Amino acid sequence: MLSEIKQLEAFNAIITKPKNIRKHLRTDKKFVEWLRSGTVEDMQHTLVAFGDAGMNYECNLIIKVIELKIKYEKRNSASN
């Protein structure tokens with residue numbers, strides 16, 4: 001049981017590395033779609049991880065998606 005948990009932790013560490021995420025989501029469109037599926041808070045954590053990995057191009061995409069999501073949420077809350 002303990003070895004299975006360690007294997008899952010190792011697998012999780014591999015698939016959550018920014019470079020591996022980007023390798024899987026090869027196009028900007030797929031990457032942005034994936035980003036949009038999360039909350040602003042999720043994207044902020046993602047921004048930190050990608051920044052730590054030195055992936056500046058992706059950081060710029062993340063920032064743009066965060067800004068758009070915040071504008072959208074403000075617009076929707078104002079109209080309700």
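Hi everyone, let's start with methionine 43: setting aside neighbours within four places in sequence, it is in contact with Leu35, Gly38, Ile62, Val65, Ile66 and Lys69. Contact here means heavy atoms within 4.5 Å.

Before going on, a word on where this comes from. This is a predicted model, in which local features need pLDDT of at least 70 and side-chain atom pairs count only at pLDDT 80 or more, while totals for chains, interfaces and linings use all residues. Residues are numbered from 1 along each chain as its sequence is written, and side-chain values use heavy atoms, with hydrogens and water left out.

Back to methionine 43, which lies in helix α4. Helices, by the way, are DSSP runs of H or I with at least four residues, strands are runs of E with at least two, and both are numbered from the N terminus. Is methionine 43 buried or exposed? Its relative accessibility is 1%, so it counts as buried. The cut-offs are under 20% relative accessible area for buried, over 50% for exposed and partly exposed in between, with a 1.4 Å probe and protein chains only.

Now to the core. The largest nonpolar core has 14 residues, and those with the most contacts inside it are Phe31, Leu35, Met43, Phe50, Ile62, Val65 and Ile66. Which helices each supply at least two residues of this core? They are α3 (28-36), α4 (40-52) and α5 (56-79). Helix α5 gives the most, with 5 residues. By nonpolar core I mean a set of buried Ala, Val, Leu, Ile, Met, Phe, Trp, Tyr and Cys residues joined through side-chain atoms within 4.5 Å. Take isoleucine 62 as an example: not counting residues up to four places away in sequence, it touches Phe31, Leu35, Met43, Thr46, Leu47 and Phe50.

Apart from neighbours within four places in sequence, glutamate 58 is in contact with Arg22, Phe31 and Phe50.

Asparagine 56 is found in α5 and, at 55% relative accessibility, counts as exposed. Between the C-alpha atoms of asparagine 56 and lysine 30, which are 26 residues apart along the chain, the separation is 17 Å. From serine 77 to isoleucine 63, 14 residues apart in sequence, the C-alpha to C-alpha distance is 21 Å.

Let's zoom out. The protein has 5 helices and 0 strands, and along the sequence the pattern reads α-α-α-α-α. Its radius of gyration is 15 Å, well over the 12 Å that the globule rule gives for 80 residues, so the protein is more spread out than a compact globule. That radius is taken over C-alpha atoms, and the globule rule is 2.2 Å times the number of residues to the power 0.38. Along the principal axes, the C-alpha trace spans about 50 × 30 × 20 Å.

How many of the 80 residues count as buried? The figure is 24%. As for contacts with a separation of 6 or more, 54% of them come from residues 24 or more positions apart.

That's my tour, so over to you.
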